[in-house]
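Let's take a walk through this model, starting with its sheet and ending with its pockets. Keep the 3D view open as you read.

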Amino acid sequence: MTLSQGSHTALPEWKALAAHAANAGARHLRDLFREDPGRAERYALEACGLRADFSKQRLSPDTLPLLVRLAEACDLPGRIAAMFAGEPINTTEHRAALHVALRAPREATLRVAGHDVVSDVHAVLGRMAAFAEAVRSGGWKGHTGRPIRAVVNIGIGGSDLGPVMAYEALRHFTLRNLDFRFMSNVDGTDFAEATRDLDPAETLFIVSSKTFTTLETLANARTARAWLLAALGDERAVARHFVAVSTNAAEVAAFGIDTANMFGFWDWIGGRYSMDSAIGLSTMLAVGPERFADLLAGFHAIDEHFRTAPLAANMPVVHGLLAVWNATFLGAHTIAVLPYDQYLKRFPAYLQQLTMESNGKRVTLAGRVIDDYETSPVYWGEPGTNGQHSFYQLIHQGTRLIPCDFIAFARSANPLGRHHDLLMSNVFAQAEALAFGRTAEEVRAEGVAEALVPHKTFPGNRPSTTLLAAELTPHALGSLVALYEHSTFVQGVIWGVNSFDQWGVELGKVLANRIVPELESAAEPDLSSHDPSTAALIRWYRARRKK
């Protein structure tokens, strides 16, 4: 039987892993560490400036070999090679998924449909760099001759989540006399608050939409255009205060943007994999072309590691296989991502799209409905130590198994007294507490009253991975994001899904476009095509929207 003919659960390697999970998956980490004193080093990997400690995952000696055999049975090596070769692995859209080309060095060669795309990528990067230098230096002037002081990125999904995450993560390296804002929500409040204190004569808008037809992005862009013209009163001002990241030159020109200031990208880039393409123009404006190049170098370092390292020593592969182990074989429905660096406060939100839009699928590549195993878990999280005073109670003593990724750095960008040592002590303590807990005997030995013993007992055996780097630099951020990109792809291969399409976001858009005229109609609309609940909601809204 081939994988295209049936469920992955029929694979002998899947069955062996399921049997192993039933027998060994509940073994306590206390016992696993006691039996293997060298476990901490045995299950640690280092690559590209990152250290991943997997030793606090529920891994017995047979677990990782069984996971690797399953990966081989699912042809993970072949799928990795196909992606890097530019083959159309996004089969439902007949496209390559070649985001690795975005960070390939100039001398590299990567082909899509026989065409080397690396030179195209570097041509766009060169134009981005020239534009960024002009804005950062004050050489680019607005319509009234004043330099740009504020940059507003207008996008949604990958055109927003990646840029805003990168800006926040690298804020330490940004040009502080430029103010950066990010606008994505079609809710008018987002526009109002993003522009409330800006001077139109000193504001530059980046409109990021591949097709230049995205409903939310274009609604915000048109409102921004009207806001600008209300202040400056000259249509020619649009060309000095708007640039586009798009491939639709006709629509860009019709909007009033000079197509010389349109930065393109390609259909082999998925939105959630695009922060290192022209979608990252706001990032380059913020940190400068040299640091943006460092970011790309971090991506590329992990790309090469992922492409060449043996599966058992491959950091993204092991990270992805453990996500499958926890979600599909141990029954964990969520994964908490816990960055202990305030600059990474938007990183969990970024990962939500990367992971759940990629692998939140119920149909295999072959079109079979998946009804016999679980695919993507829910990703969520907050920066430490804030989360410790919010939801860690549930992780430590709740009834749900929630694997955790702790992310931390040896050095702070802002050293301040004991702060960083206090921060890092919490990283290590939380992972230790989750793994080993506290037994009733240990609690009693502390003199705790018997009635309180159950309440102060921690079961432990809660799995976690700790990801460390020396400091949060552009290179480190690129490596960290690439790690999760490739981990996500690994998970999709094991589950047999297409990690590069997102048909699940389309139906809501179609229905919303149908409802808009029903909300705006002066006459009472015919709502018979809707279910009774939706029709009642529309009537309620129409009756009250103007009051």
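Two strands count as paired if DSSP finds at least two bridges between them. Keep in mind that you're looking at a predicted model. With that rule in hand, go to strand E12 (residues 404-409) and strand E13 (residues 464-469): they run parallel, and six bridges join them. Pick out Ile 407, for instance, and you'll find that its bridge partner in E13 is Leu 467.

Now look at what packs on the sheet. Helix H17 (residues 419-436) does, touching E12 and E13, and its direction makes about 155° with that of E12. Helix H14 (residues 315-329) packs on the sheet too, with contacts to E1, strand E2 (50-53), strand E10 (334-339), E11 and E12. The direction of H14 makes about 140° with that of E1.

Zoom out to see the sheet itself: it is open, has six strands in the order E1-E2-E13-E12-E10-E11, and its pairing is mixed. At the edges sit strand E1 (44-47) and strand E11 (378-380), each pairing on one side only. From one strand to the next, the twist averages 15°.

The largest pocket holds about 1,000 Å³. Its lining has 40 residues, and closest to the centre are Thr 214, Gln 502, Val 505, Glu 506 and Lys 509. H21 gives the largest share of that lining, five residues. By class, the lining has 14 nonpolar, 17 polar and nine charged residues.

The second largest pocket has about 330 Å³ of space. It is lined by 14 residues, with Gln 342, Ser 412, Asn 414, His 420 and Leu 423 nearest its centre. Seven of the lining residues are nonpolar, six polar and one charged.

Conventions. Residues numbered from 1 in each chain as written. Predicted model: local features only at pLDDT ≥ 70, side-chain atom pairs only at ≥ 80, totals over all residues. Heavy atoms only, no water. Helix = DSSP H or I, 4+ residues; strand = E, 2+ residues; numbered from the N terminus. Axes fitted to C-alpha atoms, helices over the stretch in contact; angles between N-to-C directions. Contact = heavy atoms within 4.5 Å. 1 Å grid on protein atoms, 1.4 Å probe; cavity = no way out; pocket = protein on both sides within 12 Å on 5 of 7 lines; lining within 4 Å. Points joined across faces, edges and corners; volume = space filled by probe spheres on them. Nonpolar A, V, L, I, M, F, W, Y, C, P; charged D, E, K, R; others polar.
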